[in-house]
Amino acid sequence: MATLKELKVRIGSVASSEKITGAMKMISSAKVHKEEQSLKRLKPFKDQIKSIMGHILSTGESFNSPLIEDREVKRVAIVVYGSDDGLCGAYNLNIFKGLLLECTRLQDLYGEIDITIYPVGRKMIKAVSHLKDNNVKIEIDDNLSSKMTGDKVSEFTKGLRDSFLSKDFDLVETVYMAFYSMSRQKLTVEQLFPVTEKMLSGDKPEDDNQMYLFEPSANSIFNEVLPMFVMSSMQEITVQNRASEQAARVMAMQSANDNAKKLFEELQLEYNKLRQQSITTELLDILGGQVEK
């Protein structure tokens with residue numbers, strides 16, 4: 001059984017842990033709100049691009065672009081987002097499990113294919129490091145991190161686009177945790193290349209019979225706006241991943257804080273019982289000594 005001194009030390013340690021987890025929860029909450037604001041700033045730009053695409057697609061004209069080329073899938077690139085820091089519960093583990101399921105799905109769908117994985121974040125790099133085999137390659141880019149700036153995201157996306165255009169990859173996907181709210185994040189697999197009409201047609205105008213005059217041609221505008229759409233999608237994915245990471249950390253710190261409170265109460269009760277027992281023993285010893293006299 002622990003002594004009073006040992007219990008007092010443990011109670012102090014748990015109280016300190018409770019304060020630390022509470023502070024970390026507040027910091028992560030502030031970061032979530034910051035990323036939410038970033039998402040709000042990105043939304044008008046992406047909505048405008050999708051609106052332009054919707055109007056172009058509604059004309060019924062045919063479009064040609066190497067970014068929408070649908071070809072036989074032999075080489076696949078998967079960008080998997082994780083975190084650079086820990087203390088976010090099962091966040092990285094859940095994304096890693098989603099990556100494994102997606103790799104299995106692709107192999108079942110297309111047969112024997114070569115998969116190149118681009119991990120984002122130190123924790124994800126560590127998680128995927130043992131996946132290397134004859135058909136799976138891990139491509140580590142030192143410039144990639146969960147905290148990378150918009151310029152880094154744009155540079156990385158351009159590299160993926162060039163690899164798709166040069167036919168190094170026939171399919172490019174992203175695996176990440178989509179952010180909906182502080183308590184809700186969803187594992188998401190999103191195709192980046194080739195761009196499909198389904199990805200672009202979310203904001204088609206209700207009246208599909210409108211007449212448009214395009215200057216230059218509709219196809220030229222389509223090819224100019226399409227890379228911007230992909231870029232905005234990748235920027236949004238990166239910010240959503242950061243928001244989801246911080247939200248997961250808030251929940252993990254809340255759980256740790258609750259556990260610390262529960263442990264503190266249990267230790268405090270045990271300490272009070274032991275202290276009461278010690279006082280009772282001392283009183284009995286004093287009374288026993290007086291009786292002997």
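Buried residues, meaning those under 20% relative accessible area, with exposed ones over 50% and partly exposed ones in between (1.4 Å probe, protein chains only), make up 41% of the 293 residues in the protein chain. The model is a predicted one, in which local features need pLDDT of at least 70 and side-chain atom pairs count only at pLDDT 80 or more, while totals for chains, interfaces and linings use all residues. Residues are numbered from 1 along each chain as its sequence is written, and side-chain values use heavy atoms, with hydrogens and water left out.

The secondary structure of the protein chain comes to 6 helices and 5 strands, where helices (H or I, at least four residues) and strands (E, at least two) are DSSP runs numbered from the N terminus. Along the sequence these elements follow the pattern α-β-α-β-α-β-α-β-β-α-α. The radius of gyration, taken over C-alpha atoms, is judged against a globule rule of 2.2 Å times the number of residues to the power 0.38. For the protein chain this radius is 28 Å, well over the 19 Å that the rule gives for 293 residues, so the chain is more spread out than a compact globule. Taken along the principal axes, the box filled by the C-alpha atoms is roughly 115 × 45 × 30 Å.

Helix α2 (residues 91-110) can be followed in more detail. The buried residues of α2 include Tyr91, Ile95, Phe96, Leu99 and Leu106. Seen down the helix axis, the buried residues of α2 fall within an arc of 160 degrees, so they line one face of the helix; the arc is that of the directions from the helix axis to the C-beta atoms. The face turned away from this buried side carries the exposed residues Leu101 and Asp108. After α2 comes Gly111, with a positive phi near 85 degrees.

Salt bridges, each a side-chain nitrogen of Lys or Arg within 4 Å of a carboxyl oxygen of Asp or Glu, number 15 in the whole structure. One of them joins the side chains of Glu35 and Arg242 at 3.5 Å, N to O, and this pair links distant parts of the chain, with Glu35 in helix α1 (residues 4-57) and Arg242 in helix α6, 207 residues apart. Both Glu35 and Arg242 are buried. Another salt bridge, between Asp85 and Lys147, has its closest N and O atoms 2.9 Å apart. Because Asp85 lies in the loop between β1 and α2 and Lys147 in the loop between β3 (136-138) and α4, this pair ties together parts that are 62 residues apart in sequence. Asp85 is partly exposed, at 28% relative accessible area, whereas Lys147 counts as exposed at 53% relative accessibility.

Most residues other than glycine have a negative phi, and most peptide bonds are trans. Leu87, however, has a positive phi near 60 degrees, and is placed in the loop between β1 (75-81) and α2. Lys167 likewise has a positive phi, near 65 degrees, and is found in the loop between α4 (150-165) and β4 (171-181). A cis peptide bond, with omega about -5 degrees, joins Phe193 and Pro194.
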